[in-house]
Amino acid sequence: MRDCLVNKKVFLKKEFVVMSINAAFQRNQNVYKEQISELMKVRFRDFLENFLVALPLCELTEEILYKIIDDLTVKTREYKDILKLGQLNYGTAQKLVNLYLKYLWCLDMAPEPPHCPIDRIILGKAGIYDISWTKINSMEEYISTINKIKKVSKDLSVAQWELENYSRR
């Protein structure tokens with residue numbers, strides 16, 4: 001029975017990785033260069049999966065999350081030959097990491113994350129119209145956006161506010 005539970009968690013984590021990558025890349029024109037083979041994309045996605053499943057879930061503070069997103073952008077420079085910007089930008093990296101953490105949190109597989117996935121819907125709900133999540137190119141822009149969301153979340157954490165305000169179309 002214990003092996004079955006472990007297998008279920010492994011399965012769910014892999015699915016969460018796939019769903020997070022798809023969400024971070026689907027409407028994002030800043031990811032791959034033109035004419036990139038599927039094999040190269042698969043290798044990059046494998047790297048992203050390994051990165052996400054290795055996240056330190058128990059000790060995740062806001063400062064550690066900033067470092068994780070920064071580390072991801074730096075490590076993706078190894079794939080500069082296939083990535084349009086030479087690396088993932090902060091907007092794409094934060095959505096990938098934060099969405100994966102949200103999935104785990106929502107199924108009690110991880111503690112509540114310090115942030116939420118920032119996308120067009122959440123920016124609109126927060127009344128932030130001066131930036132697009134796909135164009136967040138620095139940690140400073142990301143931190144500024146998180147701080148704006150914190151102001152509107154009031155007595156809720158950022159993660160709780162996003163969960164309450166996010167709705168699919």
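Good morning, everyone. One caution to start with: what you see is a predicted model. Keep that in mind throughout.

Let's begin with the overall build. The protein has 7 helices and 0 strands. Walk along the sequence and you read α-α-α-α-α-α-α. Now the dimensions. The C-alpha trace spans about 45 × 45 × 30 Å along its principal axes. For 169 residues, a compact globule would come out near 15 Å. The protein has 16 Å, so the value agrees with a compact globule.

How much of the protein is buried? Buried residues make up 46% of the 169 residues. The accessible surface is about 9600 Å². Carbon and sulfur atoms hold 52% of that surface.

What about contacts along the chain?

Charges are quick. There are 26 positive side chains and 22 negative ones. The centres of the two sets lie 5 Å apart.

On to the cysteines. How many disulfides does a search of the whole structure find? It finds 0. Take Cys 106. Its nearest cysteine sulfur belongs to Cys 116, and that sulfur is 12 Å away. A disulfide needs the two sulfur atoms within 2.5 Å. The surroundings of these two residues are worth a look as well. Cys 106 is partly exposed, at 39% relative accessible area. Cys 116 is buried, because its relative accessibility is 0%.

Cys 116 leads us to another residue. Which residues does Glu 162 touch, beyond those up to four places away in sequence? They are Lys 102, Cys 116, Pro 117 and Ile 122. Glu 162 sits in helix H7, residues 158–165. Is Glu 162 buried or exposed? It has a relative accessible area of 2%, so it is buried. The cut-off for buried is under 20%.

Now helix H1. Ile 21 is found there. Ile 21 is buried too, with 2% relative accessibility. Leave aside its neighbours within four places in sequence, and Ile 21 is in contact with Arg 45, Leu 48 and Leu 96. Compare that with Leu 72. Ile 21 and Leu 72 are 51 residues apart in sequence. In space, their C-alpha atoms are 13 Å apart.

Let's turn to backbone angles. Most residues other than glycine have a negative phi. Here are two residues with a positive phi. Where is Gln 35? It lies in the loop between helix H1 (2–25) and helix H2 (38–53). Gln 35 counts as exposed, because its relative accessibility is 78%.

Then there is Asp 108. Its phi is positive as well, at about 55°, and it is not a glycine either. Asp 108 lies in the loop between helix H4 (90–106) and helix H5 (120–125). At 71% relative accessibility, Asp 108 counts as exposed. The cut-off for exposed is over 50%.

Ser 37 is partly exposed, with a relative accessible area of 32%. Ser 37 and Ile 82 are 45 residues apart along the chain, with 9.0 Å between their C-alpha atoms.

Let me recap. The predicted model has 7 helices and 0 strands. A search finds 0 disulfides. Ile 21 and Glu 162 are buried. Please find each of them in the structure above. Thank you.

Notes. Residues numbered from 1 in each chain as written. Predicted model: local features only at pLDDT ≥ 70, side-chain atom pairs only at ≥ 80, totals over all residues. Heavy atoms only, no water. Helix = DSSP H or I, 4+ residues; strand = E, 2+ residues; numbered from the N terminus. Rg over C-alpha atoms; globule rule 2.2 N^0.38 Å. Buried < 20%, exposed > 50% of the residue type's maximum accessible area, 1.4 Å probe, protein only. Areas by Shrake-Rupley, 256 points an atom, 1.4 Å probe, with all protein chains shown as cover. Lys, Arg positive; Asp, Glu negative; His and termini not counted. Charge placed at Lys NZ, Arg CZ, Asp CG, Glu CD. Contact = heavy atoms within 4.5 Å.
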